[in-house]
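Work through the exercises below with the model open beside you. Try each task before reading its solution.

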Amino acid sequence: MVISPFDTLLQKIETRAARAGIIGLGYVGLPLAMAVARSGFAVTGFDIDPGKMVALDARRSYIDAVSDEALSTEIDAGRFKATTDFAGLDECDVIIICVPTPLTKHRDPDLSFVEATSRSIAAHLRPGQLVVLESTTYPGTTDDVVKVILEGTGLKSGSDFFVGFSPEREDPGNQHYHTATIPKVVAGDGAEALALMKAFYGAAVSSVVPVSSNATAEAVKLTENIFRSVNIALVNELKTVYAAMGIDVWEVIDAAKTKPFGYMPFYPGPGLGGHCIPIDPFYLTWKSREYELPTRFIELAGEINSAMPRHVVGKLAEALDIRAGKALSRSRVLVLGLAYKKNVADIRESPSLRLIEIIEERGGRADYHDPFVAEIPPTREYQALKGRKSVALTPETIAGYDAVLVATDHDKVDYSALAKNASLIVDTRNVFNRLGLSADHVIKA
């Protein structure tokens, strides 16, 4: 009796005999690789960055969510290995794509990484493989891009190989949830693909949430991020309106969140960071043009949030003028926090980079301090900032700046020393008020 590719793969998954290949060992891929390996599967990690291979070979993790000890455990157990050689895809039964999906300068989707990865998989595609996209994208990408490239080999999805989508839900710095404990939305191209998705992810995470199609799963991820983007834009706008009225938006939010129903707190800030909120909503705005439907809320939220760094620098310039009688163009500013959120080293799309750029466009000089980011690495948008190093946060250093701009409220910072030694502080995170360190020279923005 001939056993179908589906039955063969399902049996491999159920017995943990399947090997998983995870392409892209970044903030999503490496934690996922560890979760899958811990569940008993052999995992091969693929990445084009040789620097990551050097670190992994030395059993050194470069992702906060994965400890060196956890990495070493899976390597020692023979469940994890990493390589830049994509020929190893031949031996993988489940292949998961975790590559970047950035925007172009015109806010159009850049699927070049997904397309290139799909072509690499196609070169090694064989019957009995499950190919999964986890990269955030617009509805239709898995079926219209990944599947089409793979079927260019002559093999057919749903009979020879299988295609699915499962949106990543990583939250760097979150101490309460990790990859294996976050419910996983799964979908597949057909009933058999969905069954394989449920079996595979069900073995690695605490619960799976199946949905009817890959496009639906892709829309789930966008909806989660658009929800956050729109609500953050709302409080950012309220911040400016209430400030004009002499009302503290943080006090308003703290009081509003005591309502036990019908309200969820979101907080203003200097702009959006990370991959998800600044980028992902625009994948839907782009796709919606195909249907001649406007996405007014999404685009307005993007405009408000994108304007926040310039708004904050405007408040900084105003505070320097009124409080110190000094122009921003003649001032030295210390930006506190380079990461886009507290207590992590992640600087993807960080508004701090834009703040530094705007300050220096206006003639000022900006340095930064971040206990998690010793040096600014290469970035696509801010090449001129590459190599700058975090300055030490000593009383003498603090006093040498005309202003301190708090962009990220890391816990590993002596805010009392800042309050004591800084001549002017512009606080975008309300951290000084939270710590009971409010003073005349601390300005909220």
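Buried means under 20% relative accessible area, exposed over 50%, and partly exposed in between (1.4 Å probe, protein chains only). This is a predicted model: local features need pLDDT of at least 70, side-chain atom pairs count only at pLDDT 80 or more, and totals for chains, interfaces and linings use all residues. Residues are numbered from 1 along each chain as its sequence is written, and side-chain values use heavy atoms, with hydrogens and water left out.

**Exercise 1. Classify the ring pair of F6 and F162.**

Step 1. Take the rule. Rings of Phe, Tyr and Trp (its six-membered ring) pair if their centres lie within 6.5 Å; planes under 30 degrees apart are stacked, over 60 edge-to-face, the rest tilted.

Step 2. Search the whole structure. The search returns 8 aromatic pairs.

Step 3. Apply the rule to F6 and F162. Their centres are 6.2 Å apart and their planes make 65 degrees, so the pair is edge-to-face.

Step 4. Helices (H or I, at least four residues) and strands (E, at least two) are DSSP runs, numbered from the N terminus. F6 lies in helix α1 (residues 5-14) and F162 in strand β6 (residues 162-165), so the pair ties together parts 156 residues apart in sequence.

Step 5. Check accessibility. F6 and F162 are both buried.

**Exercise 2. Describe the salt bridge between K12 and D93.**

Step 1. Take the rule. A salt bridge is a side-chain nitrogen of Lys or Arg within 4 Å of a carboxyl oxygen of Asp or Glu. The count comes to 30 salt bridges.

Step 2. Check the distance. The closest N and O atoms of K12 and D93 are 3.0 Å apart.

Step 3. K12 lies in helix α1 and D93 in the loop between β3 (80-83) and β4 (94-97), so the bridge links parts 81 residues apart in sequence.

Step 4. Compare accessibility. K12 is partly exposed at 29%, whereas D93 is buried at 3%.
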